[in-house]
Number of protein chains: 2
Amino acid sequence: MSSPCSRHPHPHRLIQQPLTELTEKLRSKSRKITAPRQAILEVLRRHQHPITNKEIHAALGTADCDLATVYRNLHTLEDMGMVRRFDFGDGVARFELLEEGDDGHHHHLVCTGCSAVVEVDGCFPTELEQALARRHGFTRVTHKLEFFGLCPKCAPAAPASV
Amino acid sequence: MSSPCSRHPHPHRLIQQPLTELTEKLRSKSRKITAPRQAILEVLRRHQHPITNKEIHAALGTADCDLATVYRNLHTLEDMGMVRRFDFGDGVARFELLEEGDDGHHHHLVCTGCSAVVEVDGCFPTELEQALARRHGFTRVTHKLEFFGLCPKCAPAAPASV
DNA sequence: TTATGGATGCAAACCGATTGCATCCACGGT
DNA sequence: ACCGTGGATGCAATCGGTTTGCATCCATAA
């Protein structure tokens, strides 16, 4: 359901820095290395697709902590640039752990049937984004872009059109 | 703050069908033409940028109705294809009235400072979207895309970079 | 070892949005 | 022009995701 596409690997999502390296980053910014934080980072490390606060909380297992703590820590990690927040338009925030030096800017292809997620490499409208910024005098322009569709498994019985 | 760019008009947002034509569309789908509905359509007609339920409710004036009625009617209008829902990522739904025959697919450039909105004509990643769909076997692929940045008025005192 | 400020647990609050239910009224049928 | 009916509305309760106030706890530096 959420296995990466084998023919078109997305390496930036598969390799992950070890936990110690992550906690070291916490230490370097004088944030405390607590049990909930380590557990949350461990969960994030194991997931290559955006994951919700609730899913993180559920995946903590024995290292359980309060849901509010999960929310607070994801804010902290986001502020520190260690995770990136994604919005699939369903009113639930999702997060991905970032590699060192990666700003995490990429997009997803989400199945509207089963919620399967494909990581999309590359970013398209960069030139158009700059033209847009210039035209309207905007600065620091970025964008949010996500794709939605039906995955092969969820394709309708009588396939209509592409 | 929200005046359309004069050098690059966005006609699809400026002309609007008369109210009678809108209510006629309601009648044709056997929905009742009620006072709240007319008032809501009138408000939508006057706004060329996406507007929230709460903003619509506030703009009703004398034709006031319950906020829940606004929510319900926007669902109805969306189902009928008369309005399109947009998501600026702040957890609040926004709506635009659609022209006859327009599916409303377009994007926005939103100022993160003052929330000014510029309508963006044209749609970019169509070819890439199809390539993406093909590659992963997805069908009926669409996308959500919105741009964010700082408008000229909100540009920082010491401008950094584009 | 200590003290100190950040982190946590718990519960309440918040906010956009939805819904159950009684009442109301727009509209087709007569 | 009048009825009857089912959709529409008002009101209040509810829901789900998220945030926050506060007392307590504990990771870290001194």
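1. Of the atoms of DNA strand C that lie within 4 Å of the protein, 65% are part of sugar or phosphate, and the rest belong to bases. The model is predicted, so to speak of local features requires pLDDT of at least 70 and side-chain atom pairs count only at pLDDT 80 or more, while totals for chains, interfaces and linings use all residues. Residues are numbered from 1 along each chain as its sequence is written, chains are lettered from A and ligands numbered from 1 in the order in which they are written, and side-chain values use heavy atoms, with hydrogens and water left out.

2. Around DNA strand C there are 22 residues, the closest being A:K32, A:T34, A:T69, B:K54 and B:A93; a residue is near a strand if one of its heavy atoms lies within 4 Å of it.

3. Phosphate oxygens of DNA strand C lie 2.7 Å from a side-chain N or O atom of B:K54, 2.8 Å from one of B:Y71 and 3.3 Å from one of A:N73.

4. Of the atoms of DNA strand D within 4 Å of the protein, 67% belong to sugar and phosphate.

5. For A:A93, a backbone N or O atom lies 2.9 Å from a phosphate oxygen of DNA strand D.

Key:
A polar contact is a pair of N or O atoms within 3.5 Å; within protein, one must be able to donate a hydrogen and the other to accept it, and residues adjacent in sequence count only if both atoms are side-chain atoms.
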